[in-house]
Amino acid sequence: ERMMEIRRQNCNPMTMKVTYYKKPVFIHKGRMQWLWDVDGRRYLDLFAGVATVSVGHCHPKVTAAAEKQLKDLWHTTNIYVYPALHEYCEKLASYLPDPLKVVYLTNSGSEANDLAMLMARLYTGNYDIITFRGSYHGGSPQTMGLTSNAAYKYPIANGLGCTNTMCPDVFRGPWGGNHCRDSPIQTIRQCSCAEGQCMANEQYIRQLQETLVTSVPSRIAAFFGEPIQGVGGAVQYPKNYLKEAYKLVRERGGVCIADEVQTGFGRTGTHFWGFQGHDVIPDMVTMAKGIGNGFPMGAVVTTPEIAASFAKGVHFNTFGGNPVACAVGSSVLDVIKEDGTQKISLDVGTYLMTELAKLRDKYEVIGDVRGKGLQIGVEMVKDKASRDPLPPEAMSEIFEDVKDMGVLLGKGGLYGQIFRIKPPMCITMEDADFFLAVFDKSIHNYMEKQ
Ligand code: PMP
């Protein structure tokens, strides 16, 4: 194992630490919600390669579709007319409301967001772009400017005309907000107002309005927003917050872009797309990760009007929409329907959140449980009164303990204080119970040592 880690260090620039640095996990096989390491140990995968394996590792139907295509044709480029590309684009667009009907296929989320930035600037003639604090929109030199967490930025990302504005995390925000979040589990940070007339909610919206007035130019190109923040730690906005942001952005001449890289393809359970939970229709939707169940794919879907301004120039992407990607993408859409993954997301996700909220009430170090469907965050704190983030060493201790008991989680949030749960959407209630028992035990172990 040590040799393997040395090999990795020698041949990869160390831009990313392995998450389990005490004892790295060497994965070699995956089936549905399960991963196996080189020693044959099995893990329940609750992170899905960062919300990417949507329908299951090596799902038999998706694998069969890829295999079939690999025998017929791998590559053409979009210089030729390749009918399956158009069929897939039409199929994907049928999942989106009018007038979102024009699809550009890319190979990743960063590429999709890069393209959306370009289109927004071409369409509006404006340059500046705003995103929410805590957002992650990509790691390419351009999208790094959209991503707000400094940990993901190199100094070169400065000066790209992007502003990261407010994100009212109702757990950390000044007003609490018990009624604000669209989640089966409410925050323990109560606000004293009545359901339906949440003053905290109004405060957040007023703060958003004031921030936009004071720190954003009068003309902007676009606003990018994740319907629920992924890397930021399942952060959800108060009711009508995204809707108000869309209104303010459009008043300033900008277009609204929903980054569905993590929230798309049924992950939030209640809807196929995260934006549908906010009563908005974006001008562009960007997607990746779950679109290909692990196959490198991404897409931008937009309106014919916006696409027309993009078509004034020449844009070329060698691999975007290659035949294998189209076969995989199309099969993923079929499997989502056939396997009922959106319903699994809703049922297992709601169960997990309800049970995790019980652990939150049991342990002082679990500050918050939130999310929708299988996009869940568990925010760890030193104690509930201070809400200070649980330090990285303590997070790692629990994280590694959970792994040693056979479950892989993700970590995120501004301080790395949030456990992220976003498994392949084929997990079962039994898997959920297995994880809950492991998590309970690991927090118990941690508390014992304090
Ligand atoms: N947007 C969001 C919301 C993401 O979570 C990510 C990846 N974590 C990206 C964009 C970038 O996607 P990729 O890594 O495929 O470039």
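## Two domains

The chain splits into domain 1 (2–47 + 340–449) and domain 2 (62–339). Keep in mind that this is a predicted model. Taken over C-alpha atoms, the centres of domain 1 and domain 2 sit 25 Å apart.

Where they meet, domain 1 puts in 33 residues and domain 2 puts in 28 residues. On the domain 1 side, the elements that supply two or more residues are helix H10 (341–362), strand E11 (366–372), strand E12 (375–380) and strand E15 (418–421). H10 has the largest share of that side, with 10 residues. Sorted by class, the side of domain 1 that touches domain 2 comes out as 10 nonpolar, 14 polar and nine charged residues.

## The core

Now for the largest nonpolar core, which has 119 residues; Ala-222, Ile-257, Ala-299 and Val-301 touch the most other members. Helix H9 (residues 323–339) gives this core its largest share, eight residues. Domain 1 and domain 2 both contribute residues, so the core lies between them.

Take Ala-222 as an example. Leaving out residues up to four places away in sequence, Ala-222 touches Met-117, Ala-120, Ile-129, Gly-254, Val-255 and Ile-257.

## Around the ligand

The ligand has 15 residues around it, and the ones that come nearest are Ser-108, Gly-109, Ser-110, Gly-138 and Val-261. Helix H5 (residues 109–124) provides the largest share of this shell, three residues.

Terms used: Residues are numbered from 1 along each chain as its sequence is written. This is a predicted model: local features need pLDDT of at least 70, side-chain atom pairs count only at pLDDT 80 or more; totals for chains, interfaces and linings use all residues. A residue is near a molecule or strand if its C-beta atom, placed from the backbone, lies within 6 Å of it. Helices (H or I, at least four residues) and strands (E, at least two) are DSSP runs, numbered from the N terminus. A nonpolar core is a set of buried Ala, Val, Leu, Ile, Met, Phe, Trp, Tyr and Cys residues joined through C-beta atoms within 7 Å. A residue is buried if 20 or more other C-beta atoms lie within 10 Å of its own, exposed if 12 or fewer, and partly exposed in between; C-beta atoms are placed from the backbone. Domain bounds come from an automatic or database domain assignment. Two residues are in contact if their C-beta atoms, placed from the backbone, lie within 7 Å. Ala, Val, Leu, Ile, Met, Phe, Trp, Tyr, Cys and Pro count as nonpolar, Asp, Glu, Lys and Arg as charged, and the others, Gly among them, as polar.
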